[in-house]
Amino acid sequence: MATFLPQFQSIKSSFAHIVLSVEDVSDLWPTIKKGFEERLPFKRASLNNKTRNPVLVDELPAEFILTTDARLRSRFPQEQSLFWFREPYATIVLVTCEDLDEFKNILKPRVKLIVQNDEREWFIVYVSKAPAHNDQATKMAKKVHAKLEVDFSSKKRERCCKLDIHGPDPSFWDDLEAKIMECIRNTLDRRIQFYEEEIRKLSEQRFMPVWNFFNFFILKESLAFMFEVAHLHEDALREYDELELCYLETVNMAGKQRDFGGVEKGDDQATLLDSGKKALAQIVQDDSFREFEFRQYLFACQAKLLFKLKRPFEVASRGYSFIISFSGALALHESMLPFCMREVWVITACLALIGATTSNYKDGLATPDVEKEFYRVQGELHTLCHTKFMRLGHLVGYGSDIERSPVNSASLSMLPWPKPAVWPPLPPDASSEVLAKEKMILQESPRLKHFGIQRKPLPLEPSVLLREANRRRASLSAGNMSDLFDGRPSSGDGPLLDSSGTPSAVQKMSSVSMSRTLSSPGNFDGSIDRPMKLAEIFVASEHALRNTISDAELWKCLSSVEEFEKKYLDLCKGAADSYHRSWWKRHGVVLDGEIAAVHHKHENYDLAANLYEKVCALYAGEGWENLLAEVLPNLAECQKILNDQAGYLSSCVKLLSLDQGLFLPKERQAFQSEVVRLAHSEMEHPVPLDVSSLITFSSNQGPPLELCDGDPGTLTVALWSGFPDDITLESLSVMLTATNSTDEGAKAIKSSEAIVLRPGRNNITVSLPPQKPGSYVLGALTGQIGQLRFRSHSFSKGGPADTDDFMSFEKPTRPVLKVARPRSLVDLAAAVSSALLMNETQWVGIIVKPINYSLNGAVLHIDTGPGLSIAEKHEIEIEKHEFGANNTDHSDSPPDKHSPVSADVKQLSLEDGKINLPDWTSNITSVLWIPLKAISHRLAEGTPAGTVPQRQSIVDGLRTIALRLDFGVSHNQTFEKITSQDSSCAFYGSFPCDYTRCRQMQ
Amino acid sequence: MASTACFMIVSKNDIPIYEAEVGTVPKKEDAAHQHQFILHAALDIVQDTAWTTSAMFLKAIDRFNDLVVSVYVTAGHILSFVMSDFIIHTRLMLLHDSRNEDGIKSFFQEVHELYIKASSVMFYNLI
């Protein structure tokens, strides 16, 4: 049956729609042809699919062909059964007759003869030529039509319709379409049944020796093609799917060694979307087809149907799977295929699929989920193509131009090298090319990272290319290792090449290779015994690839570094864009990073910085610090070159705040020196710097500082510095936020002097002015490094700064300061209660009572009013006050052993009306004895109080003493009291009075 | 036979909170980046897949040549009512070259148990 293949192909290519044959009995076709063809294509055709379910076809193209046409007449019966799908689906018998006799004698027998073939679906169109005004002729036409219906129609099936040429009935065309559709439907059902039966029979013989895939294929594809022609694309697709499964089973059947194919010129260009690229007859092999071409052919047929079904997303999705699976098949036969055939095929397949699916896809065509999936697959296709393209670039010597990023490294370092049976040899007369490559290798210089960061470059190779290539050369072992590494100055391309990774080692290797390379420029004998040098491997690969690649566009992309980078960038952009559209932000952003690297290399720092920022934002936001550490130095470099000082500073701070193990100490010192340098320079646009990740703070352990209202204090704050070295802060402010009041904003507490922060924990003390009563927490930290204002709002962990505890996190903020509500801090009261004797010096006791508050350094101001004076010849005395003793009248005698006060008396002197209270009295109640004298010129000395008969008023006898006690940490507290003294009454003033009231009295 | 296995716990905010190379292949300086990179990229797939299945163990959701990513998504949204909201959709991720799916699943289940115990201690505050 393979002999029918060419014919089958040509029929398929020439047959595009359903054929309706016209049996023009009465030469009417030229007259009515136009009207018939205007109905094409049929709208909303109702057909049955393979499972006999009705399917509405929106548009069904068809063609009317006269039965006398050569296309229908020249077929042999065998062909008819084999290619039944192309036979007419309906026969329309056109008749006219205006005479019943003529009908009976001529027309009827002739029509009977025509329709006697049961296999055909047919109906009769009676064309009436009777003019509308000619009743006689019209009546006759009706009679003939009625006769036709009687003779040819049955109860089950109406087979006649009538067309009036001179006044067509509008319902005729609907009637005609319905009859045609009925015929097509019946024919289709019958043919499906036929093909199914044939296929079933063949399927039963699948495992028999007589089995022949061609027969199965022709039947199966005929059925599929018939569905396709009838616009039953879903059914056609199912047939191709089944055909593919059956083929794969045939191919994978053990015990048969088959020719895979793929070795002809042009096979490197994928034909997975072009079913007509190669004739099926050309790919015949034994009883089947060659796998290389036929699998692509089947996919192309499936893709064509999917495009017709308006499902480009499915083409992309199936296509990606197909490429992966077919790439695996290519790998199995790689040793027989041209060099890098697999890589080249995958690249062309991906590009073809991307192009076709994108051009067939319109946004909004599918549901959001499908659209998302479509773009994801587009991203995958771009990435796959990108990876293979990089591999080819690497083989021809552009490896040093590929960014050694994690994504490229992960893609390439695990991807095996091509495995040709023999690595391509160096072509003769390639010495100049080898020299050029060697020169290129020597000019390679590993790009130094900013801040002098030195890292072992990420690998792009699964193993050393030099060794792999030489190993694959026939009759060659690993060879002399010193020869192998010749001409290879750059390190990092494999584990063997840079075990040390130090610059000195690289330099040493470079110098050795340089002398050897230059001393033997003409040694290109191509001897198989000598291991090839790297430059030679590049040249040999390039020549071999030139033979493999037939696509001029693709070859152009590998012809120079510039073209390579251009294509590389295109693929990266395509992949990134697709991933972003599919909401795979991580994939998208990673590829943005690749684009940024290319821009960076070409000094397009602006574009590079924008893209790097996206990458860094992603990694920083998700806390993947190892990955961030790879990219952030690049961003910092771009920002520095662009003079983006704010961004650069921010990047440096971020670098410093990354895990310390990610950078060497000297690298971290470099970050810090950049921060300090910029901070002390004149920045054009100084911006506050957020150092929350670098300087953290917390209160010291223990209870919060407690102060009385109005008291200043000293607050100690623990600061953790993430800087590797000491850093000087020109100023530092701690923000205190009241927890009980949201009205008041945070208050900044400034440190008065410059502070040098050591790495790790620092205890900083700041002077605290009097605060309002309440509870305060640390809010934020602000300060200045040089000209630079910084801010940190990050609480440090409560534990030690160097904790490795991943699980701990900042603790809830707790108060650092509590300022108590106003209360009495001290009380002054009279120690005795009796009237004074006039004109006589007496001891007046004043009890000084601290109320849970230290009177350390307290100063008592005594101001006697008129008529009262302090006897200067006596010292003022102070002693501890004993509680519980009776306050008897001892005002006229100094304290003695019978006194309720302590015997431990200290003498104080009054200076300018002030007495400095001794420190020992700071926390105890003490009594101050003041020698007082009430002066009156009207009374004699020693007149007792009861001998004042003619007192005008109480006021006349009053004497006052104003007492003011200055105390507190910085004498900030004041207690004042003005008390009255009646010369005839007790010095009595022990009423409680808090200092607030005293202030009010002022 | 030496095997590669990189285990990570990724919190609900996609922050890696634990990482360990649990394979027998000695850790390479550059491979750590690769493993992290592959696992990080696989989060894109996890975010899509996690909502399409009720299974907690998502086997081989991503493949990178010979390396496979398997993930165990905790049912945090149930626990969030009982305890607190800090274990919503924590993901246990393993990059491996082993094909022993049952073993990997058991490993995940054991780690999940330990994780729940650790996170039940109220003194811990997971990111």
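Guide: This is a predicted model. Start with A:Arg318, which is partly exposed at a relative accessible area of 23%.

Visitor: Why is A:Arg318 called partly exposed?

Guide: Buried means under 20%, and exposed means over 50%. A:Arg318 has 23%, so the label is partly exposed. A:Glu314, at 22%, is partly exposed too.

Visitor: What makes A:Arg318 and A:Glu314 a salt bridge?

Guide: The cut-off is 4 Å from a side-chain nitrogen of Lys or Arg to a carboxyl oxygen of Asp or Glu. Here N to O is 3.3 Å, so the pair qualifies. Both residues lie in helix α11 of chain A, 4 residues apart, about one turn of the helix.

Visitor: How do you know that A:Lys50 and A:Glu196 form a salt bridge?

Guide: N to O is 3.8 Å. The limit is 4 Å, so the pair counts. A:Lys50 lies in the loop between β2 and β3 of chain A, and A:Glu196 lies in helix α7 of chain A, so the bridge ties together parts 146 residues apart in sequence.

Visitor: Is A:Lys50 buried or exposed?

Guide: A:Lys50 has 16% relative accessibility and counts as buried, because the cut-off is under 20%. A:Glu196 has a relative accessible area of 30% and is partly exposed.

Visitor: What makes A:Lys108 and A:Asp151 a salt bridge?

Guide: Their side chains meet at 3.3 Å, N to O, and the limit is 4 Å. A:Lys108 lies in helix α5 and A:Asp151 in helix α6 of chain A, so this pair ties together parts 43 residues apart in sequence. A:Lys108 is partly exposed, at 26%.

Visitor: How many salt bridges are there over all chains?

Guide: The search of the whole structure finds 49. Of the contacts between chain A and chain B, 3 are salt bridges.

Visitor: Which salt bridge does B:Asp44 form?

Guide: B:Asp44 pairs with A:Arg586, and the closest N and O atoms are 2.9 Å apart. That is within 4 Å, so the term applies. Both belong to a network joined by shared partners, along with A:Lys585, A:Glu622, B:Asp14 and B:Arg91.

Visitor: What else describes the contact between the chains?

Guide: Chain A gives 31 residues and chain B gives 30. The buried area is about 2,900 Å², and carbon and sulfur atoms give 61% of it. There are 11 residue pairs in polar contact, both at pLDDT 80 or more. On the chain A side, α14(A) gives the most, with 6 residues. That side divides into 17 nonpolar, 7 polar and 7 charged residues.

Visitor: Why is strand β4 of chain B called largely enclosed?

Guide: 7 of its 7 residues are buried, so the rest of the structure largely encloses β4(B). B:Leu67, B:Val69, B:Val71 and B:Val73 point one way, while B:Val68, B:Ser70 and B:Tyr72 point the other way. In a regular strand the side chains alternate between the two faces of the sheet.

Visitor: What makes β3(B) and β4(B) a pair?

Guide: Pairing needs at least two bridges. β3(B) and β4(B) have 5 and run antiparallel, so they pair. B:Phe57 stands opposite B:Tyr72. In their hairpin, B:Asn65 takes a positive phi near 55°.

Visitor: How many bridges link β4(B) and β5(B)?

Guide: There are 6, in the antiparallel sense. B:Val68 stands opposite B:His96 there.

Note on methods. Residues numbered from 1 in each chain as written. Chains lettered and ligands numbered in written order. Predicted model: local features only at pLDDT ≥ 70, side-chain atom pairs only at ≥ 80, totals over all residues. Heavy atoms only, no water. Contact = heavy atoms within 4.5 Å. Buried area = accessible area lost by both parts, 1.4 Å probe. Polar contact = N/O pair within 3.5 Å; in protein donor to acceptor, adjacent residues only side chain to side chain. Helix = DSSP H or I, 4+ residues; strand = E, 2+ residues; numbered from the N terminus. Nonpolar A, V, L, I, M, F, W, Y, C, P; charged D, E, K, R; others polar. Buried < 20%, exposed > 50% of the residue type's maximum accessible area, 1.4 Å probe, protein only.
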